[in-house]
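Here is a short report on one residue and one chain. Please keep the sequence and the structure at hand.

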2 protein chains.
Amino acid sequence: MSKFIEFVIRKARGSNTLKRAYKSTVSSYLNTHVSEITPFNPIHSSLEGKRINLLVPSINKEHVFGGISTAINFYDELVLASQGYSRRIITTDACPESEDLDRFPNYTLVTCEVDAEYRSQIVPFNDRYNKTIPVSKDDIFIATSWWTAYFAQRIVKWQSEYYGQEIKKVIYFIQDFEPGFYPWSSQYSLAESTYKYKGPQIAIFNSSLLMDFVIQQGYSFTEKYSFEPKLNTALKERLVPVKDMNKQKKILIYGRPSVARNAFTLIVEALRTWVWSYPNASQWEIISAGEQHNDIDIGNGVTIKSKGKMSLDEYAEELKSSAVGLSLMISPHPSYPPLEMAHFGVLVLTNNYANKNLSNLHGNITSLEELNTDVIANALSDLCAKFEYDNSIGTRSLSSMESYINNKKQFDFIDDVIKNL
Amino acid sequence: MSKFIEFVIRKARGSNTLKRAYKSTVSSYLNTHVSEITPFNPIHSSLEGKRINLLVPSINKEHVFGGISTAINFYDELVLASQGYSRRIITTDACPESEDLDRFPNYTLVTCEVDAEYRSQIVPFNDRYNKTIPVSKDDIFIATSWWTAYFAQRIVKWQSEYYGQEIKKVIYFIQDFEPGFYPWSSQYSLAESTYKYKGPQIAIFNSSLLMDFVIQQGYSFTEKYSFEPKLNTALKERLVPVKDMNKQKKILIYGRPSVARNAFTLIVEALRTWVWSYPNASQWEIISAGEQHNDIDIGNGVTIKSKGKMSLDEYAEELKSSAVGLSLMISPHPSYPPLEMAHFGVLVLTNNYANKNLSNLHGNITSLEELNTDVIANALSDLCAKFEYDNSIGTRSLSSMESYINNKKQFDFIDDVIKNL
C-alpha cells in the first residue's frame with residue numbers, strides 16, 4: 001500500500017457513521033419475544049349481563065393524558081349511555097397505585113383470580129404470565145391500542161367457542177395509525193394485523209382525517225365512526241379577546257424528544273439553519289413546550305429554552321404571547337398543538353401527511369408538503385417576517401373552526417354504537 | 001387504602017412493561033442532530049468532461065453485499081455503456097481500508113481536498129465536517145440511499161447556481177422504500193423528502209413491485225426504470241437436478257435479528273406456537289440462516305440452530321436439503337431468500353405487503369395476507385404436512401420464473417439512461 005493511500009485512509013477514518021446505517025452485528029443479548037403480545041388468557045366466568053371492559057395500557061396518573069384520557073372519556077360516556085351495563089377496566093401494561101385510583105371512586109380494585117360481581121371493577125392484568133382472567137358470555141371489549149386489540153380479537157374468539165355463541169363485536173378506539181410508530185418490523189406487522197382482522201369490529205377514530213387515511217389504505221371495519229378534536233376546556237376558558245393578547249417575537253415549538261413522530265431533531269436542525277438565514281433571528285426568543293429537555297444553543301446567539309410539560313395556565317400564557325409556532329406530526333392525525341396555537345393567534349407552521357393538510361382548517365396554519373431543514377427554515381422566516389411587518393396578523397381569524405370550539409357533544413354517535421352491540 | 005387493595009397492587013406490580021410503550025422520560029443524553037444529513041459541501045472544480053459520481057455509504061468488504069453490491073454492478077455497467085465518462089466513487093459513511101480497494105484495481109484513492117484529474121477515483125468523504133469536495137460543471141451523481149440522494153439533490157442545485165447552468169438530473173438507485181426503515185420520525189420525513197424532490201430525477205428501482213408501490217404512493221420522477229431480481233450466479237451453478245435434492249424434514253428460516261423488516265421475533269414467536277400445535281414438530285429440524293445468533297430453545301424439545309451467514313456452498317446445501325422455508329420481509333421489495341428457496345424446491349412461507357404477493361411468481365411460494373403467530377404457525381403446519389404426505393411436492397415446479405434464471409441482461413435500460421443524461 002502506498003504512503004499516499006495510507007495517508008488518505010488515516011485522514012478519512014476519523015468519523016465512522018456507518019455503524020448506524022449498517023448495523024450488522026447482533027449484541028450479545030438476543031431478544032426473541034414480542035413483549036406486547038404476552039398471552040392474555042381468559043377463563044370461565046359465571047356472571048351474566050352485559051359488561052363493558054376497557055382494555056387500556058394504564059390508568060396511572062403519569063400516563064393518563066392525551067390518548068388514554070380521551071379513551072377513558074369515551075368509555076365513561078358509553079357506560080352512561082348503556083343505562084345499566086356493568087363496567088370493568090383492565091390494565092395491560094401497568095398496575096395502578098392507590099393515588100391513581102382516586103380518579104375512579106366508584107370502582108373496586110379486584111385481582112384477576114376472582115370472578116367478582118362488583119358492578120364497577122378495576123383489574124390490573126399487566127403481570128399475567130401463567131394467569132387467567134374471568135370472561136363471561138356477555139362481556140364486551142373496548143381496545144385502545146394495537147396490542148389491546150390483539151387481545152380483544154382473541155378473547156372474543158375464545159368466548160364464542162367456549163360459550164357456543166356468535167363472535168361479539170370488538171370496539172376498537174383508534175387514535176393513530178399505530179404501525180407507523182415502528183419501522184417495518186414484527187411489531188409493525190402485528191399492529192397492522194389488528195386492522196386486517198376479519199371478525200366483527202367497530203372502529204372509532206380520533207378524527208375523520210385519520211379514518212379517511214386508514215380506509216384509503218384499504219382496511220375495513222364492520223362499523224366505523226369518527227370524532228373531531230375539540231379545544232381543551234381549560235384552554236377555552238383562557239381564550240382572551242384579541243386586545244389582551246400580547247404577541248412578542250417568540251417562536252413556540254412543540255418539542256418532544258421522546259416522541260419520534262413529533263420530529264424533534266428535524267425541528268432543531270431546521271432552527272440551526274434558520275438562525276443563520278433569517279436576518280433578525282437574534283431578536284427572537286425560542287420556547288420549547290411539551291417535554292423537559294436541556295436548553296439547546298443553536299448558534300448565532302440563539303438558544304432553545306425548554307419549558308417542559310407546562311401547567312395549562314403557563315401554556316395559555318405562552319400561546320397568548322407567542323407570534324409564531326412550529327409543531328410537526330408525522331402522521332395523518334391532526335395533533336392538538338397546531339390547532340391550539342392557531343386559535344390563540346399564533347402563526348403556526350406544521351406538515352402535511354398523506355390526506356392531512358391543516359391549512360384548510362384555519363387561516364393561521366401553514367402546512368408543508370415536503371419536509372427538510374431548508375424548507376422549514378424558509379417558511380419560518382416568512383412567518384416571522386409577516387409578524388414583524390404586521391404584529392396583529394395572527395389575531396384576526398380566531399374562530400374559523402366552529403366545531404373545534406362549540407359546546408356540542410364530541411361522541412355524538414354513541415347511541416348508534418350501543419344500539420348495535 | 002384497604003389491605004385488600006394493597007394486596008392486589010403488590011401482586012400485580014411484578015412486571016411493568018409500560019416503560020416500553022410509554023417512554024415519557026428523556027435520557028440525560030439529548031440527541032439534537034440528524035447525523036445522516038451532516039452537510040456535504042461542494043467547491044469549485046476546474047475539471048471538464050462528464051464524470052459519473054457514485055455516492056455510496058461504503059465500499060468496505062463487510063458492507064459490500066446485497067444492496068451495495070447491486071448498486072456497484074449498476075454503476076460499473078453505466079460507466080461501461082457511457083463509453084468514456086470519468087468515474088469517481090465517493091463514500092459517505094465509511095472509509096475503505098487498503099484490502100477493500102483490491103476490488104477496485106483501476107481506481108486511485110484521492111483525498112477530498114484535491115481537485116485530481118485521475119479518470120477513476122475513490123474519495124472517502126465520511127469525515128467531512130468543515131471540509132469540501134470539488135464538483136465540476138459536468139459532474140453527474142448517482143445516489144444509492146436516501147441520505148446520498150439528499151446530498152445529490154443539494155449538490156446539483158449548487159452546481160446549477162455556481163456554474164450558471166440547468167440543474168442536472170440526479171440518478172437515484174432505489175432498492176427499498178427507505179422511510180419504512182424508521183418509525184414516523186425526522187428520518188422518515190427526510191427519507192421521504194428525497195422522493196418528493198421537484199428537480200429532474202431518474203429513478204431506478206430494484207424490482208417492478210417496488211416501483212409500482214412507490215408510484216402508487218403518489219411520488220413521481222422525471223424518468224423511471226426497474227429491474228428484476230435474478231438468481232445469484234453462484235447459486236445457479238449449484239442448482240441440481242431434482243433427483244439430487246435430498247429433501248429432509250427441515251425448516252429453513254431467514255433469521256436476521258438486526259434487520260427489523262425480516263421480523264425475526266415474529267418468526268420465533270410463531271415457531272413457539274407451531275411446536276405445540278403441529279403433532280410431528282419434534283421430528284423436524286429448524287435451521288436459521290442469514291446472521292449468526294445464539295441457538296434458541298423454542299420448547300417441546302425443538303431448538304432453532306443458527307448457521308449465520310453461510311458460504312454459498314453451505315447455503316446451497318441447506319436449500320437442497322430443506323423441505324420447508326420461512327422468510328418474512330415487511331416491505332414491497334420481493335427479497336431474495338423466498339425466490340431462492342422456491343427455485344431449490346423448498347415450500348416457502350412468506351408475506352404479502354401492499355401490492356406484493358410472491359405466490360403469483362412461483363408455485364412453491366405461499367404468501368400470507370395477515371401476519372400473526374397463529375396464522376404463521378397454521379400455514380407452516382400445512383406445508384410440513386404436505387411434505388410429509390408427498391416428499392417430492394416441492395421439486396416439481398422448479399422453473400416457473402423464466403426471467404429469474406435466464407441469462408439476459410439485468411439492466412437492459414442502461415442505454416436509455418445514458419442517452420438522457
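## An arginine in chain B

In which strand of chain B does B:R87 lie? B:R87 belongs to strand 3, which spans residues 86–91. The model is predicted.

B:R87 is buried. No salt bridge is assigned to B:R87. The nearest side chain of opposite charge is that of B:D76, 4.8 Å away. A salt bridge needs a nitrogen–oxygen pair within 4 Å, so B:D76 does not qualify as a partner at 4.8 Å.

## Chain A: fold and surface

Chain A has 421 residues, 58% of them buried. Its secondary structure comprises 13 helices and 17 strands. Along the principal axes, the C-alpha atoms of chain A fill a box of roughly 75 × 75 × 40 Å.

Among contacts in chain A with a separation of 6 or more, 68% join residues 24 or more positions apart. The accessible surface of chain A is about 17,100 Å². Carbon and sulfur atoms supply 48% of that surface.

## Confidence

The model scores ipTM 0.92 and pTM 0.92. Chain A averages a pLDDT of 92, and 92% of its residues score at least 70.

Technical notes: Residues are numbered from 1 along each chain as its sequence is written. Chains are lettered from A and ligands numbered from 1 in the order in which they are written. This is a predicted model: local features need pLDDT of at least 70, side-chain atom pairs count only at pLDDT 80 or more; totals for chains, interfaces and linings use all residues. Side-chain values use heavy atoms; hydrogens and water are left out. Helices (H or I, at least four residues) and strands (E, at least two) are DSSP runs, numbered from the N terminus. Buried means under 20% relative accessible area, exposed over 50%, partly exposed in between (1.4 Å probe, protein chains only). Lys and Arg count as positive and Asp and Glu as negative; His and the chain ends are not counted. pLDDT is the predictor's confidence in each residue, from 0 to 100. Contact means heavy atoms within 4.5 Å. Accessible areas come from the Shrake-Rupley method with a 1.4 Å probe; for residues, only the protein chains shown count as cover.
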